[in-house]
Structure formats: structure tokens, C-alpha cells
Amino acid sequence: MKSTNFEFIRDANPELANLGAFAENYCFSDPVSALVKLRTFAESMVSAVFAHHGFARPQQAMLFDFLDDASFRQATPPVVIDKFHLLRVRGNRAAHGASDRVSTNDALDALKEAHSLSQWYFLSFAGGTKAACVHFQNPPQVPLQETDDSKGKLKREKRAVLEKLAAQEAQMAPILADLEAARNRAQSAEKTASELKSILNQAQQTANILEFSEEETRLHLIDEQLLAAGWAVGPRKSDTETVRQEFLIRSLSLEGGTGYADYVLWDSEANRPIAVIEAKRTAHEPSKGKTQAALYADAIEREYGFRPVVFYTNGFEIYLWDDVQKTPPRLIHGFHSLESLRTLVAQRSRQPLSDIAPKSSIIDRLYQFEAIAKVRERLENRHRRMLLVMATGTGKTRVAAALCEVLIRAGWVKRVLFLCDRRELRKQAHNVFKEHLPDEPRVYLSESTAQDPHQRIYLATYPAMMKCFQRFDVGFFDLVIADESHRSIYNRYRPLLEYFDAIRVGLTATPVKYIYRNTYKLFGCEVDDPTFSYAYEDAILHNPPYLSRFDVAKVTTKFLRQGIHYKELSREEREQLEEQVENAEDVDIDRAELAAAAYNKGADRLLLRNLMENGIRDADGQ
């Protein structure tokens with residue numbers, strides 16, 4: 001596919017040229033798809049940079065992880081990293097429920113960023129010259145002419161355009177997959193500090209030749225992240241009802257003086273600033289903006305009688321600091337929405353957890369009260385992550401319900417997300433919350449119920465939540481409870497858990513010594529030292545015992561005998577499978593021997609365990 005702006009890079013990287021061409025063709029007919037395609041463009045270019053330098057690829061192959069890789073950051077100019085992040089954030093916003101706020105101009109602006117990155121790549125890695133780089137031009141609009149039955153014909157013509165593009169994409173997909181597989185197989189080599197510095201200097205010289213503006217790119221990135229959180233951001237240096245730029249700060253110090261905050265977020269209902277944002281150069285640590293942001297917050301408090309929440313950022317990293325709650329600054333993955341900031345401010349009047357006892361109508365065993373006490377202690381000490389290890393049958397879900405009730409009653413939590421890996425466990429959790437917290441609204445979370453702000457308890461399977469979690473702003477949930485927090489949680493669902501700026505509690509029945517080391521880190525614990533542990537042996541030895549010893553029985557199922565094939569399932573069975581695993585349409589296992597072999601070799605263990613333990617049932621319930 002020929003493009004208007006990316007042909008100069010085709011010989012060096014036809015993949016990038018094709019992706020740019022696809023984005024151009026989608027720009028007018030489907031700007032959402034154009035932005036999603038440009039996010040893929042960014043992924044492909046970053047992957048090519050990793051392959052060129054021989055950098056070891058991150059274990060978690062998410063674009064954010066590539067951009068956050070230490071070697072990549074040491075070898076890539078900050079302004080270039082910001083441009084990659086800009087395409088990432090815009091693509092995410094388009095792909096995850098914000099299509100009503102995506103315009104052709106958004107797609108055109110992103111095309112310009114992709115074009116500038118192509119120039120940088122061309123000069124840095126393909127031996128190109130600036131003279132050979134074409135100047136950006138808006139791509140021609142595919143003509144969709146209005147005639148007599150204009151609406152119907154426009155729809156048909158647009159559908160035809162998109163179907164043609166989809167067919168071309170289908171041809172390109174296996175090529176991209178083969179290329180990515182080859183890059184994954186490429187040998188990686190550690191670079192020395194001097195080598196990385198030399199690479200960075202050369203890459204920075206290229207960015208300078210192309211006259212990249214670090215400040216402009218950084219502010220565009222911040223604008224985009226504010227838009228993703230639902231804020232109405234005006235053009236550069238222009239104000240809206242809720243976002244003020246270059247905001248005049250009077251009485252900047254006790255001696256007087258004035259200054260200008262980069263952004264002030266405004267609560268129009270309360271008619272006051274609710275947050276202040278200080279932006280520093282990407283090359284600087286964002287903490288350099290901490291002191292300046294605190295001075296702005298002091299001045300705003302003197303003028304309005306209210307202390308705003310503080311954000312400071314270099315565009316790439318965002319820190320939230322609410323010193324009224326005496327909590328330390330914390331790194332977050334985006335800005336809070338206005339509603340989430342209002343919730344955060346309301347939590348300033350929360351009660352001490354030591355004053356709130358769990359209800360004995362929910363939990364009634366000493367170790368369950370001890371588990372709640374350990375979590376309360378961690379929270380009072382300003383920690384936000386915990387891991388509870390409790391044997392199956394000892395009441396993990398009831399402890400979770402009791403914890404939710406305590407935190408809601410104390411004003412620490414407004415919305416709770418409960419995650420589990422199977423629909424049956426989700427149903428069991430729903431029943432526990434229904435029984436013990438009957439007055440708290442709850443919902444099964446899916447793409448159709450995403451962003452419903454009127455619930456209190458949201459229950460979801462991990463695969464279902466992975467499809468829609470970026471539709472929420474990072475502050476939407478105050479508490480995330482992750483059931484069955486074993487090895488697979490870190491490998492597969494870490495981005496989901498790290499996305500939300502929430503108290504994070506992991507629950508698992510896996511014995512302490514079998515928990516993956518990174519899982520401890522994910523929940524803020526030292527290896528082999530969870531926040532609380534109540535083992536199977538403890539329950540057996542209690543007098544009277546809480547659990548009985550078990551006998552092992554070997555059984556078989558239709559799945560183990562015949563395998564499972566997505567194409568042969570009914571519609572209801574397909575929906576059930578899609579709730580339990582990602583890429584359900586790829587499930588095609590011929591017989592039990594293949595499944596067992598894959599399981600023993602360490603292939604997709606979570607998928608196989610889900611299917612074998614709680615997968616598709618046959619007519620006999622097997």
C-alpha cells in the first residue's frame with residue numbers, strides 16, 4: 001500500500017511504511033482505527049530499535065515496558081521517548097472506549113508525530129539524510145460522495161473502504177508475526193555504559209537536526225493523558241472550564257511574588273482548583289518539580305482556603321502527592337478524572353482504621369480477624385499493597401468481604417474491584433458479597449458494563465477485565481482484590497494490577513514456598529514473607545480442626561479424552577470460554593495427550609488449568 005508520507009522509509013523498513021499507509025487511509029473514514037494503527041506503528045519501530053541494538057526484550061511484551069526499559073531509556077533521547085508515549089496514549093484512548101472523543105484532527109496530529117519518528121529512525125538506523133525525508137502532507141481524503149440516498153450510500157462506501165483495508169491487513173498480519181518472532185529469537189547483548197552514552201549522543205544529534213521540540217512534545221503528551229482521563233483540554237495556553245494552563249499563582253511565597261503553574265485542574269461545582277500539575281523536562285527526574293508544585297499548592301491554599309492535590313511529571317512519569325493525607329508521593333499510570341479527584345479529597349476525612357472493627361457477622365474465626373488486623377496495620381503505616389495466603393476452605397472471600405466493609409465504613413474506599421480467574425469463582429464471590437454486604441450495589445464487570453459509576457463492588461474475571469480496564473481512569477477503583485494471586489498473575493496480568501492507583505490486596509491458597517518471587521514484589525512483600533499466612537497444616541492442626549485431610553482420586557473428563565475446539569462450540573460455550581481465557585478463538589486442542597504435554601512443558605498453564613478445572617462442560621456436566 002502506497003503512502004503519502006512514509007515512502008522514503010520503505011526500503012529501510014517496509015513494515016513501518018505499510019503501517020503508516022494504513023493509518024493514512026483510515027484517517028478520514030475511521031480515525032479511531034488510524035490511531036490504533038499508529039500505536040502498532042510505535043510498537044513496531046520500538047521493536048526494530050531493540051533488534052538493531054541487540055537489547056534484551058522485556059519479559060512483559062507491552063509497549064509501556066519496552067519504553068520503560070533501562071537500556072532503551074539510556075540510549076534514546078527523551079523527546080523521542082515522549083513521541084512514542086504520545087502515540088501509545090492516543091492509541092489506547094481510541095481503542096478503549098473513547099471513540100466519541102476522537103476526531104480526524106486527532107488522527108492527523110498523530111500521523112505527524114509518526115512521520116517525525118520515521119525521519120528520526122531513517123537518519124539514525126537506515127543511513128538516510130534529512131534531504132531525503134519528505135515533508136509531511138495531509139493524506140488525500142477517500143472520496144465518499146453524497147448522492148440521492150446519501151446516508152445509505154455513504155455507509156456502504158465506507159464499509160467497502162474498511163473491508164478492503166481489513167483484507168489488506170489480513171495479508172500483512174502473518175508477515176508482522178514472522179518478523180516479530182525473528183526479533184524475539186535474535187541474540188541480545190548487554191551494552192556498556194559508554195556504548196549506551198555513545199548511542200544516545202548519536203540519537204540526540206539526529207533529534208536536534210530534525211529540530212524536535214522537547215517542551216512541545218512533553219506538553220502534548222500531558223494534554224493527551226488529561227484527555228484520556230476525561231478532562232477538557234484546550235489548545236496550547238488556552239483555558240477551558242476545567243483545565244487552566246499557565247495559571248497565575250499569586251502570593252507564591254509569604255513574602256509575595258507570582259508564578260505560573262503549568263496546569264491547574266478546576267472543580268467548577270466547588271468553584272476552586274482541585275489539583276495542580278507541574279511539568280519538568282523529560283530529561284529530569286519528575287521529583288525536580290515536587291518542591292515547585294508544593295509551593296503552588298501552598299499559594300492556592302492561602303488564596304482559596306483549600307489545598308489541591310499535587311501532580312508532578314516529566315511527561316513520561318506522573319507522581320501523585322496528597323500531603324493532606326500524609327501519604328508519600330506515588331508513581332501512577334495516568335491522571336485521575338474529576339470524579340476520582342473528588343473521591344480522593346473526600347477521603348481526607350476518613351476515620352482511623354484502628355477505630356473500626358470487622359463485623360463478626362461476616363468473619364468469626366480468630367485467624368480471619370488477624371488477617372484484617374495485619375492489613376489495617378499496613379494501611380495505617382502508609383503501605384498500599386498486601387498479600388494474604390490462606391488455604392482453600394479457610395474463608396478468603398469472606399475475609400475480603402469483611403475488609404471491604406471495614407474500608408467502606410471508615411471512608412477509605414468508594415469502589416472495589418474483585419478479580420478472579422474463573423466465572424464460577426466470580427459467582428461465588430458475588431454470592432458472598434450479596435449475603436454479607438447486601439446494601440452495596442454490585443455488578444459483573446464486562447465490556448458492556450464498563451465505566452458504570454453507580455456500583456460499589458465490581459466483579460470480573462482477569463481475561464474480561466484485560467479487555468476493558470483502560471476504559472477506566474486510573475483512580476476509578478480505590479481497592480483492587482486479586483484472587484488466586486499465584487505465578488500467572490505476574491506474568492500475564494501485571495499491567496492490569498499496576499494500572500489502577502488503588503490499594504492492592506492479593507489472595508491466594510498457594511503455599512508460601514510455591515508463590516512466584518515476582519508475585520511478592522507485586523504485592524509489596526519480601527520473598528516468602530506475605531502480609532498474612534494461614535496454611536493448610538494450620539487449619540488441620542487447629543483444635544477442633546477447620547479442615548479435613550484429603551484423598552487424591554484420578555478422574556477423566558470429555559475434554560481430557562477428546563480435546564476442545566473453539567469452532568465446534570456453541571455460542572453460549574464460546575462466550576463462556578471467552579470470559580475465562582484470552583484469545584479463546586485460538587483454542588484448538590486435539591486430545592488429552594497434547595494438553596498434558598503442553599502443560600508439562602510449561603506452556604500456557606493458566607489456560608489449560610482453567611479448561612481442565614472449570615472449562616467447557618459437556619451434556620453430562622463433565
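Contact here means heavy atoms within 4.5 Å. On that basis, among contacts in the protein chain between residues at least 6 apart in sequence, 66% join residues at least 24 apart. The legends below describe close-up views of a predicted model.

**Figure 1. Overview of the protein chain in the predicted model.** The chain comprises 22 helices and 15 strands. Of its 622 residues, 52% count as buried.

**Figure 2. Packing of helix H2 against helix H5.** Helix H2 spans residues 31-53 and helix H5 spans residues 78-95; their axes come within 8 Å and cross at roughly 140°. The crossing of H2 and H5 is left-handed. On the H2 side, the contact is made by Val 32, Leu 35, Val 36, Leu 38, Arg 39, Phe 41, Ala 42, Met 45 and Val 46. On the H5 side, Phe 84, Leu 87, Arg 88, Arg 90, Gly 91, Asn 92, Ala 94 and Ala 95 take part. Classed by residue type, this contact holds 12 nonpolar, two polar and three charged residues.

**Figure 3. Packing of helix H5 against helix H6.** The axes of H5 and H6 come within 10 Å and cross at roughly 145°, and this crossing is left-handed. From H5, the residues Val 80, Lys 83, Phe 84, Leu 86, Leu 87, Arg 90 and Arg 93 meet Asp 106, Asp 109, Ala 110, Glu 113, Ala 114, Ser 116, Leu 117 and Trp 120 of H6. Eight nonpolar, one polar and six charged residues form the contact of H5 with H6.

**Figure 4. The largest nonpolar core and the surroundings of Phe 84.** This core has 53 residues, and those with the most contacts inside it are Phe 41, Phe 84, Trp 120 and Tyr 121. At least two core residues are supplied by each of helix H1 (14-29), H2, helix H3 (63-67), helix H4 (70-75), H5, helix H6 (104-125) and helix H8 (193-209). Leaving aside residues up to four places away in sequence, Phe 84 touches Ala 42, Met 45, Val 46, Leu 67, Phe 72, Leu 117 and Trp 120. A second, separate core of 45 residues includes Trp 412, Leu 437, Ile 503 and Ala 539.

**Figure 5. The open sheet of seven strands.** The strands follow the order E9-E10-E8-E11-E12-E7-E13, with parallel pairing. Strand E9 (442-444) and strand E13 (532-534) stand at the edges with a single partner strand each, so one side of each is left without a neighbour in the sheet. On average, neighbouring strands are turned by 15° against each other, direction ignored. Helix H14 (residues 423-436) packs on this sheet and touches E8, E9 and E10; the direction of H14 makes about 165° with that of E10.

**Figure 6. Strand E8 and its two parallel partners.** Strand E8 (residues 416-420) pairs with strand E10 (residues 457-461) in the parallel sense over five bridges. Four bridges join E8 to strand E11 (residues 479-482), again in a parallel arrangement. Leu 417 has Tyr 458 as its bridge partner in E10 and Val 480 as its bridge partner in E11. Five of the five residues of E8 are buried. Val 416, Phe 418 and Cys 420 point one way from the strand, while Leu 417 and Leu 419 point the other way.

**Figure 7. Strand E3 between an antiparallel and a parallel partner.** Seven of the eight residues of strand E3 (residues 272-279) are buried, so E3 is largely enclosed by the rest of the structure. Five bridges join E3 to strand E2 (residues 259-267), and these two strands run antiparallel. Five bridges also join E3 to strand E4 (residues 309-313), in this case with the strands parallel. Ala 275 of E3 is the bridge partner of Leu 265 and stands opposite Val 309 in E4. The hairpin of E2 and E3 has four residues between the strands, and Asn 271 there takes a positive phi near 55°.

**Figure 8. Gln 576 in helix H20.** Helix H20 covers residues 571-580 and contains Gln 576. The relative accessible area of Gln 576 is 19%; because buried means under 20%, Gln 576 counts as buried. Gln 576 and Arg 423 are 153 residues apart in sequence, yet 8.0 Å apart in space, C-alpha to C-alpha.

Conventions:
Residues are numbered from 1 along each chain as its sequence is written. This is a predicted model: local features need pLDDT of at least 70, side-chain atom pairs count only at pLDDT 80 or more; totals for chains, interfaces and linings use all residues. Side-chain values use heavy atoms; hydrogens and water are left out. Axes are lines fitted to C-alpha atoms, for helices over the stretch in contact, and angles run from 0 to 180 degrees between N-to-C directions. A crossing is left-handed if the near helix is turned anticlockwise from the far one by less than a right angle, and right-handed if clockwise. Ala, Val, Leu, Ile, Met, Phe, Trp, Tyr, Cys and Pro count as nonpolar, Asp, Glu, Lys and Arg as charged, and the others, Gly among them, as polar. Two strands pair if DSSP finds at least two bridges between them. A nonpolar core is a set of buried Ala, Val, Leu, Ile, Met, Phe, Trp, Tyr and Cys residues joined through side-chain atoms within 4.5 Å. Buried means under 20% relative accessible area, exposed over 50%, partly exposed in between (1.4 Å probe, protein chains only).
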